[in-house]
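I begin with the backbone and work towards the packing.

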Amino acid sequence: MVGAHPVETGPALVRITVLQVPGADEPVFSSVAQGVRHEDSGHTNLTRADTALALGQIGAQVEILPACDVQQCVELAGRFEMDLVILDRCDPATVTAFFECGVPPGAPVVVVIPAEASESAALDAFRHGAADCVRVGHDYSEVLALVAMEQIRRWRQIRDRDAAQTKIHWLESLNEAIVSEIPVALAVLDDARSVVEVNPEFQRAFGLSSEHVRGVHVQSALPKDLIESGNLLQLLPPPGLALPEGSRLARMVDAQGRGSVFDVRSQRLDGEGHILLALSNVTQTESLSRRLGELERFNEFVVRSINSALMVVDREAKITFANPPAGRILGCPEGGLRGQRVEEYFSSAGELPSPLARALEDGTDSKGGEMMLSLADGTVIPIGISCSPLREESWDVQGAVVIFQDLSEIKELQRQVLQQEKMASIGQLAAGIAHEINNPVGFIHANLAQMREYLDDLSEYLDAVGDLQRAIPPGAAPEIQQAASALEETAGRIEVDYLRKDFASALRESLEGSERIRHIVSDLRDFSHQGGLATTLADVNQCVDSTANIVWTMMKHSVELKKDYQVLPELRCHPMQLKQVFMNLLVNAYQAIEESIEEGSDEGGVIEISTRHRGGGIEVAIRDTGAGIAEENLPRIFDPFFTTKEVGAGTGLGLSTSYGIVKKHGGEMTATSEPGGGARFEIFLPLEREPLREASPIDGSDEPITE
Amino acid sequence: MMNLLIVDDDAGILSALKRSLRREGWNILLADSAREALRIVDKGAVDLVLSDHKMPGMTGTELLAEVARRRPETVRLLITGWAEAVSKQELKEIGIEALIPKPWDDAELKAVLHQHLG
């Protein structure tokens, strides 16, 4: 580094040392010209009047430091920065002594030579190094003033030039130091954008020596990828156009495959089109800030994109973060959860869910648990829950991360699949039984019909036998008489008249019975007939009726079934699923009636089924005279897991499953009830609507059930 | 006299059908398997085959298809408890004239048979 400091330019004040050795012959004047200030140097002698007068004419403020011997003079000259040293009429020995003292180079020395001195005195003075000599004469003051002014002017010029040079030198050194030490690659470009000079960092950064790069166009001097990625040519517009402000980020990959990022700026240097290009390597800063940004984005994306609810809880079980799904499930906007005690929104029967409690207590990690969660509004939903402790650097637990999902829908779907599978296997079983019964019923029925014909024939024959018996005259042959009485005896014994009549009754009743079996078999077959995954056109009346007939077999002792069917257009639907809905409703109705009978109602119940074609759809209503639904339960009867039945008596899924099926058909299901007055369920199924979701995981196979 | 062959693996069905049709003026032949039925058909003079569908070894449609190949002039009827098991397409391909449900109605059955036997 540069050690020198710039030299101050000369003060406005002119400072002059005047050496005069007082002589006995000459008086010392104390008069001082205007503008001249005498510095008290501790000596009593002052400057001669004519000299002071001359110096007063210099035109600037003059400070005179008088000296009365060589030593004092040299001292003063060394101590202060002098503009001029005047040796005023000193004897030659003093002059010689002064110059021989080795006065440091500095202010010019003007020697005033007494008028009476020899001619050689001036020569001697010049020889010693005087800048000028003035001989005392009549115009002494004017001459000294002129000489002093000229010497001071010259000296100041020299001094200013030296100072400027020193400053330039200092600036150059500073510049050089900066340029060579600064960790920024610098290149000076000329107006043709060729490289004029580069600094060592440039050479290091791009592996080029300044000799190689000098005169080369900047496009060839810098790596191609760097120029392109940073669009660097825009930083170097043609001469005359303004340079863009700010900086560019440019990237390059070196031969070793290491990537670097540079912050590049350009700066106009002069009017000749020189431009300074500064390239700072910001790879590390850039990569750190990019990494930070990536991490922030990553976190944000993860938290945003997971469908699961995510909640962060602190050591005091207060919620510090909750994502939108958490707010949705817990019934609170996400901002509203922050700062809340977790168990107010997230509890298991009023207590902190145990996986979370364990995570906070001893840092236990739990994954994939299932539990019932009590929500703030009292609803209970099944959730899947994973809890992990959140640890400080010291590994102390500072909170926990809870991830949970609302499993209601999944559970309901599982339930539906199970139910469908159950129904499908019941259906298959029923179909198999129906088929097995079909054959014997077929021939029993055919035979009974045949036997009725036979009986008619036999009756005709018996009538003829009776006629024959009555035609026997009293005087007939004894064999004939005997045979006739034996016939009469047999007829009486077997009660042939009753037998004939009852045979007909028995056959009629058997035919009726076999007819009923045929209907049951037919209903079973209809009921279990699978629609498969695809929807089919079906008669809803037939769906309701076959289901009602099946269910009625178990309820006929306590329930009267009233049917009121209107002719309906065919509906595109999943018939098996609709039958499941009707079955759920009918069984519920039956159970409600049973319940009211148990409570002491001695009348049997009535279930009314009606179907109507109205409002672009089909309406099926099922009304019962059972116990009814309590008013407070009405809004919740379609919720999964809601049940009023005793534990174990029902899963509470029938109505929600039914509701789901009706919804899937684009329909509506409503319930009305007066406690004690029975319940009425209405299902509306639109005829025209969006196609059904065909790819439901429900139902069995699409194959027809083979014989 | 028209010869009518009834095929069913259930003896109860066979005798009930024979009973039903006894007085219709046809000669009723019975077979309790498709194999037996084909043997009777091969002897010739069978005007109509009324076959059950689900039978061990060979189904009714397979039997009727074979009958159609051997004796195309024979009238072919299928009697089954599960009409859905046989597609209309299949019936058409084999040339089955009618499909009678089980359990059958005597009057209907007789009407169909009379229609096909003239």
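Entry 1, backbone angles. I looked up Glu495(A) and found 11 C-beta neighbours inside 10 Å, and because a residue with 12 or fewer is exposed, Glu495(A) counts as exposed. The model is a predicted one, and in it Glu495(A) lies in the loop between α16 (478–493) and α17 (496–528) of chain A. I noted that its phi is near 50°, a positive value in a residue other than glycine.

I then turned to Arg89(A), which also is not a glycine and has a positive phi of about 50°. Arg89(A) sits in the loop between β4 (84–88) and α3 (92–100) of chain A. Is Arg89(A) buried or exposed? I found 23 C-beta neighbours inside 10 Å, and since 20 or more are asked for, Arg89(A) counts as buried.

In chain B I checked the peptide bond from Lys102(B) to Pro103(B), which is cis, with omega near 0°. Pro103(B) belongs to the loop between β5 (98–101) and α5 (106–117) of chain B. I wrote these entries down because most residues other than glycine have a negative phi, and most peptide bonds are trans.

For Thr611(A), which is 67 residues apart from Val544(A) along the chain, I noted a C-alpha separation of 8.9 Å.

The axes of α18(A) and α19 (residues 575–598) of chain A come within 9 Å and cross at roughly 40°, so the two helices are oblique to each other, and their crossing is right-handed. Val544(A) and Val551(A) are among the residues of α18(A) that meet α19(A), whose side includes Phe582(A), Leu586(A) and Tyr590(A).

For α1 (residues 49–56) and α5 (residues 140–181) of chain A, the axes come within 8 Å and cross at roughly 50°. This pair is therefore oblique, and the crossing is right-handed. Among the residues that make the contact I noted Leu53(A) of α1(A) and Leu144(A) of α5(A), and by class the contact has seven nonpolar, two polar and one charged residues.

I counted 20 helices and 23 strands in chain A, and of its 707 residues 31% count as buried. Where chain A meets chain B, 16 residues of chain A are in contact with 18 residues of chain B. Which helix gives the most to the side of chain A that touches chain B? I found helix α15 (residues 408–471), with twelve residues. By class, that side has six nonpolar, eight polar and two charged residues.

Technical notes: Residues are numbered from 1 along each chain as its sequence is written. Chains are lettered from A and ligands numbered from 1 in the order in which they are written. This is a predicted model: local features need pLDDT of at least 70, side-chain atom pairs count only at pLDDT 80 or more; totals for chains, interfaces and linings use all residues. Helices (H or I, at least four residues) and strands (E, at least two) are DSSP runs, numbered from the N terminus. Axes are lines fitted to C-alpha atoms, for helices over the stretch in contact, and angles run from 0 to 180 degrees between N-to-C directions. Angles under 35 degrees count as roughly parallel, over 145 as roughly antiparallel, 65 to 115 as roughly perpendicular and the rest as oblique. A crossing is left-handed if the near helix is turned anticlockwise from the far one by less than a right angle, and right-handed if clockwise. Two residues are in contact if their C-beta atoms, placed from the backbone, lie within 7 Å. Ala, Val, Leu, Ile, Met, Phe, Trp, Tyr, Cys and Pro count as nonpolar, Asp, Glu, Lys and Arg as charged, and the others, Gly among them, as polar.
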